Amino acid sequence: MPLEIADVELNMRLIARERKTGIGVGAGTSAYDHLWSYVARFQGGLGSNRVGAAYSGRHTIVNGTPLDLDLRSSLTSVLDGSVVSFPIVMGIFVSNLSTTSGQTIRIGAGGNPFISWLIATGDGLLVGPSGFKALWSPIDGYATTAATADILRLVSDVGTVSADVAILGRAS
Amino acid sequence: MTVVGEASLAFRVSLPETKSGLGIGAAGVSRYQHVLDYVRKYSSGIGIERVGAAYGVRASIVAGTPLDVDLANDLTSVLDGSAVTLPIIMGLFIVNLSDTPGEHLLLGQGGIDYEDWILTAEDAMRVGAGGLHVHWDPIDGMPTNGDTSDILRIAAATGTIEVDLLVVGRLQ
């Protein structure tokens with residue numbers, strides 16, 4: 001029996017409270033909550049808004065030795081060791097666990113890069129220490145191409161950095 | 001001048017992976033829960049892991065007419081209309097509110113490109129329909145450079161796309 005994914009939950013929320021005293025009459029404090037939230041649930045399966053494959057792991061990345069995650073052949077299930085393949089990537093979530101200034105993780109570039117989430121080959125993003133990166137595309141997703149465009153590269157700028165990585169996707 | 005007080009972030013990605021028939025006996029169902037949590041609270045102020053300014057907006061972006069957010073000059077507080085300047089960006093939070101396939105956002109590029117969150121100048125990425133992009137960098141932050149590197153461009157690939165944007169940062 002194949003692996004099954006069900007009941008996927010994404011819950012993301014940021015609140016930043018802005019305050020100012022002395023607006024209008026009186027000395028009271030005015031406040032405004034900047035709220036950004038994204039809460040959604042998804043079922044397993046194929047097609048738009050369905051999740052069919054998942055990988056998560058904690059990795060150690062040494063400066064000078066990039067971590068290359070092959071999205072079509074090298075990732076395996078913790079349950080049975082079978083290959084977890086992502087013809088379509090729906091989400092990439094990376095948490096940089098370092099707390100040391102300058103220990104940035106670079107995502108992208110490298111050989112045979114997974115490129116469809118970017119504009120051009122060689123493009124990529126930075127994730128600073130204690131930082132977090134989330135990219136989510138549940139409808140169209142981001143297509144990979146086996147052997148030629150399926151490598152998600154993570155590079156440590158300085159020293160050795162630990163990172164939590166989660167990838168969600170589906171077969172079609 | 002307004003100030004940003006406390007800020008909190010909570011991100012959770014959670015999904016179970018199941019498989020039956022592992023080991024002895026075919027009736028049992030094995031289960032593994034993929035979880036990636038990121039929960040933090042921040043105080044106001046300057047310096048690492050402190051939040052000093054925030055700006056949020058819901059915008060409608062028409063294909064061919066990009067939204068250029070000037071992070072150093074144009075933003076104003078909803079409380080008193082004072083300028084919100086973000087010399088150091090700590091976070092970019094973007095939701096693509098479209099649910100139409102193909103209506104993705106292009107994030108980056110443009111004139112006077114804000115580029116400290118990407119690998120090299122003119123890098124850019126896609127945020128799919130119904131998707132999101134979160135970039136959080138609380139320690140080092142991502143500096144802007146007034147008048148030379150302070151424009152965050154968001155473009156619609158096609159049609160007219162609603163987007164929620166929240167930018168969080170500090171003075172130094």
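Guide: Let's start with a term we'll need: a contact means heavy atoms within 4.5 Å. Keep in mind that this is a predicted model.

Visitor: Fine. Using that, which residues does I167(A) touch?

Guide: Leaving out residues up to four places away in sequence, I167(A) touches A53(A), A54(A), Y55(A), L69(A), L71(A), L75(A), F86(A), V89(A), G91(A) and L152(A).

Visitor: And how many residues does the largest nonpolar core have?

Guide: That core has 54 residues. The ones with the most contacts inside it are W117(A), L152(A), L154(A), I167(A) and W117(B). There's also a second, separate core of 38 residues, with W36(A), F132(A), L9(B) and L132(B) among its members.

Visitor: Let's turn to chain B. How many helices and strands does chain B have?

Guide: Zero helices and twelve strands.

Visitor: Is chain B compact or spread out?

Guide: You compare the radius of gyration with what the globule rule gives. For chain B the radius is 20 Å, well over the 16 Å that the rule gives for 172 residues, so chain B is more spread out than a compact globule. Along the principal axes, its C-alpha atoms fill a box of roughly 65 × 40 × 30 Å.

Visitor: What share of the residues in chain B is buried?

Guide: Buried residues make up 51% of the 172. As for the surface, chain B exposes about 6800 Å², and carbon and sulfur atoms supply 51% of that.

Visitor: How many positive and negative side chains does chain B have?

Guide: There are 10 positive and 21 negative ones, and the centres of the two sets lie 14 Å apart.

Visitor: Back to chain A, then. Is A40(A) buried or exposed?

Guide: The cut-off for buried is under 20% relative accessible area. A40(A) has 16%, so A40(A) is buried. You'll find A40(A) in strand β3, residues 29-44 of chain A, where A40(A) touches V8(A), E9(A) and L10(A), not counting residues up to four places away in sequence.

Visitor: Now backbone angles. What is phi of S130(A)?

Guide: Phi of S130(A) is near 65°, a positive value in a residue other than glycine. S130(A) sits in the loop between β9 (124-127) and β10 (132-136) of chain A, and S130(A) is buried at 7% relative accessible area.

Visitor: And where is A147(A)?

Guide: In the loop between β11 (142-143) and β12 (151-156) of chain A. Phi of A147(A) is near 75°, again positive in a residue other than glycine, but A147(A) is exposed, with a relative accessible area of 54%.

Note on methods:
Residues numbered from 1 in each chain as written. Chains lettered and ligands numbered in written order. Predicted model: local features only at pLDDT ≥ 70, side-chain atom pairs only at ≥ 80, totals over all residues. Heavy atoms only, no water. Helix = DSSP H or I, 4+ residues; strand = E, 2+ residues; numbered from the N terminus. Rg over C-alpha atoms; globule rule 2.2 N^0.38 Å. Buried < 20%, exposed > 50% of the residue type's maximum accessible area, 1.4 Å probe, protein only. Areas by Shrake-Rupley, 256 points an atom, 1.4 Å probe, with all protein chains shown as cover. Lys, Arg positive; Asp, Glu negative; His and termini not counted. Charge placed at Lys NZ, Arg CZ, Asp CG, Glu CD. Core = buried A, V, L, I, M, F, W, Y, C linked by side-chain atoms within 4.5 Å.
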